Structure formats: structure tokens, C-alpha cells
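User: Got a model here that I'd like to go through. Can you take my questions as they come?

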Amino acid sequence: MIAATDTSLVPMRVSKAVGLKDGDVLSEYIVLDELDGDRHLVIGVGHAEAFALDASLQGLQWGRPMTYQFTAALVRSLGGRVREVRLDRIVEGACAGLVDARSSDALNLAVLTDAPVFVAPEMLADCIGRQEGDSGEAALLRRAIAGHPMAVRRADP
């Protein structure tokens, strides 16, 4: 098990959720920024996860708890807390952590609980490598880093 104090893990912050159109296809990404550097981790996620993350980053409140708010409240009500989120390996093309969870779910929970996020250097290297070149994926990853955050808004009654 890797300890949070292990210097090989890179402290990151969840920066934004970005939605990008590529032709008729809309793709959503979560962008993490290195705290003490200029590297970025870009993770492709589903629409619901990107929506929830953007709303949480903006501090939007809903009348009833959404899934991630419920999960955070459940952890607290059971006497627990989210101490940290670690993305420490890639499994079948997806980022993974110590607890079996989708990275988008773990990152949504980290934002709601103010838990620190740590990423394995290999994951950063993989993402940086995928940003290089002229492929469509490389272009989308670079656009996600440079792009503006999503803009989730509450509908007025």
C-alpha cells in the first residue's frame, strides 16, 4: 500500500470539468492540475459525473442531495471521513485507486469532502504522452486543458 506521505505520489487539485464538441460528439473531461508544477491529468468521464463535479466546484446547492452529496453525508453519518483520493494505476484503460471506484466518482467525493488528491507519476506520464502528436485524442486532451469550465446553472422557477 502506498502511503499519502510517499513522495512518489503527486499532489493534484481538481481544476474543472470541461465539455468539448468534436463534430457531433460531446465529450466531457475532468482536469486535475499539479499543485507544485505545471502538469495536468485529463480524465474522460460521463456527462452525469462532469455535471455533478462542475456543480460542486461552483458550490451549487440542490433542494435534495444528489448522489455524491448523499454519499458524503453517508460517510460522515457513519463516523467516517474521506482522508484522501489516490489515483495510482490504470486498469483496462481507466484510472484506478486503492478502493475500487471510478475515478470520476472518487474525484466528485474528494471535491465535496475537501479531500486531497494524489496521482501516480506514471499516470501523469501516460496522459502527457497521449497529449503529444496530431491524433484526435491528443487534440481533445490539449483542448480540455486550455478550455473553459462547464457552466452548470440552476433553472429559475
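**Surface and helix packing**

Analyst: Leu74 has 38% relative accessibility, so this residue counts as partly exposed (buried is under 20% relative accessible area, exposed over 50%, partly exposed in between, with a 1.4 Å probe and protein chains only). This is a predicted model, where local features need pLDDT of at least 70, side-chain atom pairs count only at pLDDT 80 or more, and totals for chains, interfaces and linings use all residues. Residues are numbered from 1 along each chain as its sequence is written, and side-chain values use heavy atoms, with hydrogens and water left out.

User: Which helix does Leu74 lie in?

Analyst: Helix H2, residues 67-77 (helices are DSSP runs of H or I with at least four residues, strands runs of E with at least two, numbered from the N terminus).

User: New topic. How many helices and strands are there, and in what order do they run?

Analyst: The protein has five helices and seven strands. Starting at the N terminus, the order is β-β-β-α-α-β-β-β-α-β-α-α.

User: How do H4 and H5 cross?

Analyst: The axes of H4 (residues 121-131) and H5 (residues 136-146) come within 7 Å and cross at roughly 110 degrees; axes are lines fitted to C-alpha atoms, for helices over the stretch in contact, and angles run from 0 to 180 degrees between N-to-C directions. The two helices are therefore roughly perpendicular to each other (65 to 115 degrees).

User: Which residues make the contact?

Analyst: Cys127, Arg130 and Gln131 from H4, with Glu137, Ala138, Leu141, Arg142 and Ile145 from H5 (contact means heavy atoms within 4.5 Å).

User: And what share of the 157 residues is buried?

Analyst: Buried residues make up 40%.

Technical notes:
Angles under 35 degrees count as roughly parallel, over 145 as roughly antiparallel, 65 to 115 as roughly perpendicular and the rest as oblique.
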